[in-house]
Amino acid sequence: MIPEQSARTGRDVRAVVVGAGFSGIGAAVRLREAGFDDVLVLEKGTQLGGTWRENTYPGCACDVPSTLYSYSFTPDAAWSRVFAGQREILAYLRATAERYRLGDVLRCGVHVLAARWDGAADRWLLETSDGPYSAAVLVLATGPWHVPRRLEVPGIEDFDGPVFHTARWDHSVDLTGRRVTVVGGGASAVQIVPAIEAQAATVDLFQRTAQWVLPKPDLPVPAALNRLVDHVPGARDALRAGQYALQEGFGYAFRHPQAARLLEAGARTHLRLAVRDRQLRRQLTPDYRLGCKRLLTSSTFYRALSQPHVRLHSTAVSAVRGDEVVGTDGTTVPTDVLIEATGFRVGESPLAKTLYGTDSQTLAEAWSGEPQAYLGTAVSGFPNLFLLLGPNLLGGSTSAITVLEAQLTYLVDALTHLDQGGHRALNVRPVAQAAHNTAVQEALATTVYNTGGCTSYYFTSTGHNTFAWPWSTGRLVRRLRHFDAGAYTFDTPVRPLPLPAQARPQPGDRTAAANTEQP
């Protein structure tokens with residue numbers, strides 16, 4: 001247990017960033033560029049990379065165009081494909097860390113076990129596998145796709161063969177000539193099945209719910225085109241802007257369910273052209289609106305399912321008996337290798353149960369199963385804590401990197417405000433957080449996320465959508481462009497300095513709390 005009182009540890013820094021994936025690396029770069037040099041990044045893995053380090057399954061790749069799924073401050077990667085694969089993305093992250101010389105602030109193999117806010121010192125006290133640390137600011141960059149959701153059915157512990165989750169792929173297992181069963185029908189399954197079907201004797205896919213799948217224009221990018229884009233001023237920015245506009249077009253359809261019909265027509269055409277078997281087409285046709293679940297893209301998935309040795313079972317798995325996987329409809333499938341493509345426990349921060357705020361309440365207790373934050377970034381009762389890619393920030397079309405960079409702008413502005421005001425701590429007002437989340441939930445009520453007629457990982461067990469942002473990404477970027485000091489309380493200044501003009505409440509403003517959603 002972390003002591004209640006402050007203790008000097010010899011490793012006291014201005015900011016500790018937990019996690020060294022896209023979010024953590026981006027945070028370290030932006031903080032240092034803004035002059036906040038006293039930063040450490042603590043990473044539990046033996047190397048950086050986050051989800052792109054952990055997910056090494058066959059076919060693993062990004063489903064957002066590479067030019068958009070990259071930092072705007074490091075846009076000049078020579079991507080080999082329109083949608084980069086896992087190895088190339090991991091190499092990009094490593095190159096970015098080297099480019100910005102993060103080796104001196106990155107500490108790998110360090111597990112953050114717990115953190116407690118010390119109100120007397122206005123600092124976070126961290127307990128780690130490497131001993132204690134202390135930080136004025138704590139940045140959680142652990143990401144929403146972190147905790148694997150395992151298959152929990154009777155008999156799985158006694159399965160006769162290898163069983164592993166896609167995020168923990170066992171590369172020692174040779175699938176050649178084996179009977180492989182894949183459980184799950186989301187993004188990872190759509191990538192894995194086409195990648196393994198040629199080597200496996202049989203592939204059985206248990207997909208409880210059919211998914212909307214659009215074709216994926218995953219074309220190679222000629223080296224000459226990369227050189228041309230790098231040498232033409234503004235070309236890469238224009239390409240990035242065009243891809244952003246395309247993604248926002250999908251987002252518009254998700255926020256206006258009637259507009260999704262055009263995309264549904266395209267997805268149905270893709271299915272009809274790729275799958276000739278009518279019964280298989282019926283199995284693969286969703287009964288809910290496009291966008292209700294995460295939209296998938298693949299030009300190979302349907303083709304793989306049409307192979308004679310690949311079978312689709314439109315049912316959940318109810319049990320495992322010896323070497324057989326049993327479906328809820330009674331289907332039994334002899335299996336040599338069982339692969340769990342069952343996704344992640346989205347929204348479950350690995351530190352939530354051991355991160356203590358001002359009243360010794362944990363973040364998990366404060367959330368009570370329904371994660372929420374102010375602008376997906378700050379949580380009342382947890383001073384100087386910043387969440388990256390937190391609750392209600394993403395959607396079915398948004399590039400997570402676009403959202404991340406907007407949050408990093410907000411983070412830097414918040415720390416600058418602390419310094420300029422002579423403050424040591426800021427804490428978002430409970431009424432501000434409540435008003436923001438009420439507005440978010442009200443806006444979500446008319447989107448396809450909430451009205452599309454499906455269940456998804458966007459929702460908690462109580463039916464609250466704690467994942468999706470209900471407006472445009474542009475609106476989110478504008479909201480995060482400047483730190484809104486009126487939504488926060490501060491400790492007593494060390495020296496009396498006036499707030500910057502843009503931070504002062506303006507006549508007619510609603511309480512800090514509301515910060516009501518404006519277009």
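**Notebook: a walk through a predicted model**

**Entry 1: strand 1.** I began with strand 1 (residues 12-18), where five of the seven residues are buried, so the strand is largely enclosed by the rest of the structure. Buried means under 20% relative accessible area, with exposed over 50% and partly exposed in between (1.4 Å probe, protein chains only). Helices (H or I, at least four residues) and strands (E, at least two) are DSSP runs, numbered from the N terminus.

A note to keep at hand: this is a predicted model, in which local features need pLDDT of at least 70 and side-chain atom pairs count only at pLDDT 80 or more, while totals for chains, interfaces and linings use all residues. Residues are numbered from 1 along each chain as its sequence is written, and side-chain values use heavy atoms, with hydrogens and water left out.

Next I looked up the partners of strand 1. Two strands pair if DSSP finds at least two bridges between them. Strand 1 runs parallel to strand 6 (residues 131-140), joined to it by six bridges, and V13 has A135 as its bridge partner there. Strand 1 also pairs with strand 2 (residues 39-43), in the parallel sense over four bridges; here V17 stands opposite V41.

Entry 2: In which order do the strands of the open sheet of five come? I read 7-16-8-9-12, with parallel pairing. Its edges are strand 7 (163-165) and strand 12 (310-313), each pairing on one side only. From one strand to the next, the twist averages 20 degrees. Axes are lines fitted to C-alpha atoms, for helices over the stretch in contact, and angles run from 0 to 180 degrees between N-to-C directions.

I then followed strand 9 (residues 202-206), which is parallel to strand 12 and joined to it by four bridges. L205 has L312 of strand 12 as its bridge partner. Helix 4 (residues 187-196) packs on this sheet, touching strand 8 (179-183), strand 9, strand 12 and strand 16 (337-340). The direction of helix 4 makes about 170 degrees with that of strand 9. Contact means heavy atoms within 4.5 Å.

Entry 3: I found another open sheet, with three strands in the order 13-14-15 and antiparallel pairing. Strand 13 (317-321) and strand 15 (332-334) are its edge strands. Strand 14 (residues 324-327) is joined to strand 15 by three bridges, and V326 stands opposite T332.

**Entry 4: two helices.** How do helix 1 (residues 22-33) and helix 11 (residues 400-421) pack? Their angle is about 40 degrees and their axes are 10 Å apart. That makes helix 1 oblique to helix 11 (under 35 degrees is roughly parallel, over 145 roughly antiparallel, 65 to 115 roughly perpendicular, and the rest oblique).

**Entry 5: two loop residues.** Leaving aside neighbours within four places in sequence, V379 has contacts including W367, L387 and N427.

Lastly, I visited S456, in the loop between helix 13 (448-451) and helix 14 (473-479). S456 counts as buried at 17% relative accessibility. Beyond its neighbours within four places in sequence, S456 is in contact with C292 and K293.
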